[in-house]
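Grab a pencil and work through these exercises with the model open beside you. Try each task on your own before you read its solution.

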Amino acid sequence: MKMLLFQIRDPDDAMLAQELKCFAGKLEPLKKQRSYSLETCNIIGNSNGYSQVWKEYDVVLVGGSGDYGCVDNNESWFLRFCDVLRDIVEADKPMFCSCFGHQALARALGGSVIKDRSRAELGTLEVTLNEQGRSDPLLSTLEGTFLAQFGHNDQVEVLPEGAINMASTPRCPVQAYKLQGKPVYSTQFHPELSFLENRERAQRYFAVYDPELAHPDNLEKLFKPSEPASALLPRFMELFV
């Protein structure tokens, strides 16, 4: 099985390597069942060459981005990436998106994304499944309320047509959605991050958050373990790839 991780980070950002390590670590349980490879493609600074590369892979992953957002983003690189996301969906390629990927997919398909610092989320927080989530083949393996890792200022405000919302938090009503009839799932939270990895990520990007939320003195107490949420990634592979 061949997996492709689309990354959205500056070429000199140390979180490129950290993100790959995080995804690879959460997918490690798959090695007990089958062999696989995980390769990356960073779209920042990559003006071309990736629009067709996803076709060579069995599954696509889309990660987060500390320095880039989807709100009012009409940069050429972002619009090209939206075209790629639509192509992947149209081709029925299995895809799992988190954080930036979650927002970019929604916007690519006609939804909307907003920036609201008063509703930003950072750290380890409780997520609640709705009825659709509790009956979903992927998310139903979690408790009705579970812990997950967060780090975002932006969020999906309006879902695109055909998307089914399955989870929420008090500050963010769209925490997980799937595309009806497609092997495509998306989460605002980060199933690829452990609490220690999320703390490391927050230390890199804390300047993008409100100082009261992400003051360096507060980072130690914002994070706690969330292993059940991380099991979503290998289970997605088992169910849909």
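Trp77 and Phe100 are both buried. Keep in mind that this is a predicted model.

**Exercise 1. Work out how the rings of Trp77 and Phe100 are arranged, and which parts of the chain they link.**

Step 1: Check the distance. The ring centres of Trp77 and Phe100 are 6.5 Å apart, and the cut-off for a pair is within 6.5 Å.

Step 2: Check the angle. The planes of Trp77 and Phe100 are at 20°, and planes under 30 degrees apart count as stacked. So the Trp77–Phe100 pair is stacked.

Step 3: Find the two residues on the chain. Trp77 is part of helix H2 while Phe100 belongs to helix H3, so their pair ties together parts 23 residues apart in sequence.

**Exercise 2. Now classify the pair of Trp77 and Phe78, and find the cluster it belongs to.**

Step 1: Look at the geometry. For Trp77 and Phe78 you get 5.9 Å centre to centre and 80° between the planes. Over 60 degrees counts as edge-to-face, so that's the label for Trp77 and Phe78.

Step 2: Zoom out. Tyr68, Trp77, Phe78 and Phe100 make up one aromatic cluster. The structure has 13 aromatic pairs.

**Exercise 3. Is Asp92 buried, exposed or partly exposed, and what about Cys99?**

Step 1: Most residues other than glycine have a negative phi. Asp92, though not a glycine, has a positive phi of about 60°, and the phi of Cys99 is also positive, near 55°.

Step 2: Asp92 sits in the loop between helix H2 (76–90) and strand S4 (95–98). Cys99 is in the loop between S4 and helix H3 (100–108).

Step 3: Compare accessibility with the cut-offs. Asp92 has a relative accessible area of 40%, so Asp92 is partly exposed. Cys99 has 6%, so Cys99 is buried.

**Exercise 4. Describe the surroundings of His152: what does its side chain make a polar contact with?**

Step 1: Locate it. His152 is in strand S7 (residues 145–152). Its relative accessibility is 3%, and buried means under 20%, so His152 counts as buried.

Step 2: List some contacts. Beyond its neighbours within four places in sequence, His152 touches several residues, including Cys99, Gln103, Cys172 and Tyr209.

Step 3: Pick out the polar ones. The side chains of His152 and Glu121 make a polar contact at 2.6 Å. A polar atom of the His152 side chain also lies 2.7 Å from the backbone oxygen of Asp154.

Definitions and conventions: Residues are numbered from 1 along each chain as its sequence is written. This is a predicted model: local features need pLDDT of at least 70, side-chain atom pairs count only at pLDDT 80 or more; totals for chains, interfaces and linings use all residues. Side-chain values use heavy atoms; hydrogens and water are left out. Helices (H or I, at least four residues) and strands (E, at least two) are DSSP runs, numbered from the N terminus. Buried means under 20% relative accessible area, exposed over 50%, partly exposed in between (1.4 Å probe, protein chains only). Rings of Phe, Tyr and Trp (its six-membered ring) pair if their centres lie within 6.5 Å; planes under 30 degrees apart count as stacked, over 60 as edge-to-face and the rest as tilted. Contact means heavy atoms within 4.5 Å. A polar contact is a pair of N or O atoms within 3.5 Å; within protein, one must be able to donate a hydrogen and the other to accept it, and residues adjacent in sequence count only if both atoms are side-chain atoms.
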